[in-house]
Amino acid sequence: MTKIILASNSPRRKKILTDLGLDFEVVPSNYEEKLETDTFSYDLIEDLATQKACDVVRRVGHDEVVLGADTVVVLHNKILGKPKDKEDAFRMLSELSGQTHMVVTSLCGINTKTNRAALLSTTSYVRFKELDVELIRYYIDEFNPLDKAGSYGIQELPDGILDKYEGSFENIIGLAPEAVTAILEKLK
């Protein structure tokens with residue numbers, strides 16, 4: 001069987017692949033994400049996922065499927081990436097207060113044996129309640145928002161933040177299981 005390589009060190013993505021029962025190895029991508037714009041487009045996010053996968057493809061053998069992914073939070077067509085610091089996290093969470101935003105994860109799979117690639121993006125929608133300053137500060141101080149797109153992890157949100165979500169919960173965490181299954185099926 002072809003070996004699966006996850007081009008990410010994200011503990012959330014590792015757990016999702018483990019929960020799918022997949023045997024995989026982690027080889028983190030060294031691709032440096034530099035967005036030329038913060039205006040959202042599927043092409044932009046799909047390119048980031050592809051670049052991450054390609055970086056790892058160059059470093060592994062010739063009988064693997066490499067999975068590269070990128071997740072972004074999008075509010076009013078603007079990408080909210082990972083915050084630079086706690087103040088940036090506060091700004092992002094304040095912007096998300098009372099709003100519905102998109103969470104988009106693009107997944108690129110490359111079969112190094114056949115040189116075939118497959119790309120799939122999954123979109124979910126999240127709505128936050130109106131957040132007060134104390135709740136935002138509490139979340140920032142008690143959780144680690146600095147390594148998460150949009151400054152939050154849906155799986156760890158305390159009561160009072162999340163109003164509702166639509167779509168794949170795992171996609172919001174960082175990887176839709178259905179997308180992984182579809183990509184692996186296409187690359188058999």
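Reply: What follows takes the labels in turn, with the cut-off for each given where the term comes up.

Reply: The model is a predicted one, in which local features need pLDDT of at least 70 and side-chain atom pairs count only at pLDDT 80 or more, while totals for chains, interfaces and linings use all residues. Residues are numbered from 1 along each chain as its sequence is written, and side-chain values use heavy atoms, with hydrogens and water left out.

Me: Why is Asp70 called buried?

Reply: Buried means under 20% relative accessible area, exposed means over 50%, and partly exposed lies in between, with a 1.4 Å probe and protein chains only. Asp70 has a relative accessibility of 3%, and therefore counts as buried.

Me: Where in the fold is Asp70 found, and which residues is Asp70 in contact with beyond its neighbours within four places in sequence?

Reply: Asp70 is found in strand β3, residues 64–75, where strands (E, at least two residues) and helices (H or I, at least four) are DSSP runs numbered from the N terminus. With contact taken as heavy atoms within 4.5 Å, and leaving aside those sequence neighbours, the partners of Asp70 are Arg13, Glu33, Ile45, Leu48, Ala49, Lys52, Val104, Thr105 and Ser106.

Me: What makes the pair of Lys52 and Asp70 a salt bridge?

Reply: A salt bridge needs a side-chain nitrogen of Lys or Arg within 4 Å of a carboxyl oxygen of Asp or Glu. The closest N and O atoms of Lys52 and Asp70 are 2.7 Å apart, and the pair forms a salt bridge. This pair links distant parts of the chain, with Lys52 in helix α2 (residues 42–57) and Asp70 in strand β3, 18 residues apart. Lys52 also counts as buried, because its relative accessibility is 11%.

Me: How do you know that the side chains of Asp70 and Lys52 also make a polar contact?

Reply: A polar contact is a pair of N or O atoms within 3.5 Å; within protein, one must be able to donate a hydrogen and the other to accept it, and residues adjacent in sequence count only if both atoms are side-chain atoms. The contact joining the side chains of Asp70 and Lys52 is 2.7 Å.

Me: How many salt bridges are found in the whole structure, and what makes Arg127 and Asp163 a pair of this kind?

Reply: A search of the whole structure finds 15 salt bridges. For Arg127 and Asp163, the closest N and O atoms are 3.6 Å apart, and the two form a salt bridge. Arg127 lies in strand β6 (residues 116–128) and Asp163 in strand β7 (residues 162–166), so the pair ties together parts that are 36 residues apart in sequence. Arg127 is called partly exposed because its relative accessible area is 28%, and Asp163 is partly exposed because its value is 41%. Elsewhere, salt bridges that share partners join Arg12, Asp147, Lys148 and Glu156 into one network.

Me: How do you know that the buried residues of helix α1 lie on the same side?

Reply: In helix α1 (residues 11–19), Arg12, Arg13, Ile16 and Leu17 are buried. They cover an arc of only 135 degrees around the axis, which puts them on the same side of α1, the arc being that of the directions from the helix axis to the C-beta atoms. On the other side of α1, Pro11, Lys15 and Asp19 are exposed. The buried residues of α1 pack against β1, β2, β3, α5 (169–173) and α6 (177–186).

Me: What puts the buried residues of helix α4 on the same side?

Reply: Helix α4 (residues 133–142) has Leu135, Ile136, Tyr139 and Ile140 buried. Their arc around the axis is only 130 degrees, which puts them on the same side of α4. Glu134, Asp141 and Glu142 are exposed on the other side of α4, and what covers the buried residues includes α3.

Me: What lies nearest the centre of the largest pocket, and which element gives the largest share of its lining?

Reply: On a 1 Å grid over the protein atoms alone, a pocket is an open set of points where a 1.4 Å probe fits, with protein on both sides within 12 Å along at least five of seven lines, and lining residues have an atom within 4 Å of a point. The largest pocket is lined by 41 residues, of which Glu33, Asp70, Thr71, Lys82 and Ala149 lie nearest its centre. The largest share of this lining, five residues, comes from β3.
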